[in-house]
Amino acid sequence: MRNSPDCDEMQYLIDDMKVGDTWRIFKILAEFVEGFEKISGFEPAVTVFGSARVKETDSRYKLAMEIGKKLAIEGITVMTGGGPGIMEAANRGAFEQGGRSIGLNIKLPFEQKPNPYVNLNVTFDYFFVRKVMLVKYANAFVILPGGFGTMDELFESITLIQTGKIIPFPTILVDSSYWGGLVDWIKERMLAEGFIGKADINYLQVVDTAEE
């Protein structure tokens with residue numbers, strides 16, 4: 001059975017996968033190098049997270065634009081995932097103000113296309129490389145309403161702060177009507193049941209306006 005055609009074919013497939021994984025390491029390394037080289041020097045920066053599905057007519061789009069504009073006025077680079085929706089709005093606010101606007105785009109089969117309001121666009125194949133860049137060069141996170149991707153970015157960010165992997169800095173949730181229920185649940189369940197400490201709650205700030 002060991003020398004049957006089916007077994008031999010399966011072995012070839014396994015060997016091909018191993019070779020592919022080896023070369024994939026170099027592709028990942030190249031993405032890190034490109035990101036470091038292109039983004040370095042744009043500090044101070046704030047990373048803005050939020051849904052790609054928010055339309056231009058949405059009040060949250062306008063709020064993200066205003067936040068991007070105010071950050072640009074303060075000389076702070078606005079960095080996003082580079083896509084539409086909230087990301088586009090924050091980039092647009094900074095871009096139209098004449099500030100520094102960076103988009104770190106990800107290749108996806110749907111939904112994610114680079115927005116035009118960036119001075120620098122870097123496109124990644126790997127989510128984890130992109131995440132490193134969004135965190136590494138940020139001095140704060142501003143997180144507007146979003147879905148699974150936004151939640152992933154939120155919890156990864158505060159986990160890195162909680163575990164001391166990055167220096168604590170502001171993680172700001174914008175729109176209390178959206179985030180309030182989550183924050184209450186964190187307090188009433190996570191904190192109450194001892195899964196986090198009292199100090200961990202302080203990693204999150206909830207605001208409603210660009211001025212805040």
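A: Two strands pair here if DSSP finds at least two bridges between them. The strands themselves are DSSP runs of E with at least two residues, while helices are runs of H or I with at least four, and both are numbered from the N terminus. Before we start, a word on the model: it is predicted, so local features need pLDDT of at least 70 and side-chain atom pairs count only at pLDDT 80 or more, although totals for chains, interfaces and linings use all residues. Residues are numbered from 1 along each chain as its sequence is written, and side-chain values use heavy atoms, without hydrogens and water.

Let's take the sheet and its surroundings. Seven parallel strands make up an open sheet, in the order 4-3-2-1-5-6-7. Strand 4 and strand 7 sit at the edges with a single partner strand each, so one side of each has no neighbour in the sheet. From one strand to the next, the twist averages 20 degrees. Zooming in, strand 5 and strand 6 are joined in the parallel sense by three bridges, and Ile-143 has Leu-173 of strand 6 as its bridge partner.

Now for the helices. Angles run from 0 to 180 degrees between N-to-C directions, with axes fitted as lines to C-alpha atoms (for helices, over the stretch in contact), and contact means heavy atoms within 4.5 Å. Helix 3 (residues 86-96) lies across strand 1 (45-49), strand 2 (77-80) and strand 3, at about 160 degrees to strand 2. Helix 5 also packs on the sheet, where it touches strand 1, strand 5, strand 6 and strand 7 and makes about 150 degrees with the direction of strand 6.

What about the core? A nonpolar core is a set of buried Ala, Val, Leu, Ile, Met, Phe, Trp, Tyr and Cys residues joined through side-chain atoms within 4.5 Å. The largest one holds 54 residues, of which Leu-104 and Leu-144 touch the most other members. Helix 2 (residues 59-73) gives the most to this core, with six residues. Setting aside residues up to four places away in sequence, the contacts of Leu-104 include Val-122, Phe-124, Met-133 and Leu-134.

Asp-125 and Lys-107 meet in one, at 3.5 Å from N to O. The two are 18 residues apart, with Asp-125 in the loop between strand 4 (120-124) and helix 4 (127-136), and Lys-107 in the loop between strand 3 (101-106) and strand 4. Asp-125 is partly exposed at 27% relative accessible area, whereas Lys-107 is exposed at 52%.

Methods. Salt bridge = Lys/Arg side-chain N within 4 Å of Asp/Glu carboxyl O. Buried < 20%, exposed > 50% of the residue type's maximum accessible area, 1.4 Å probe, protein only.
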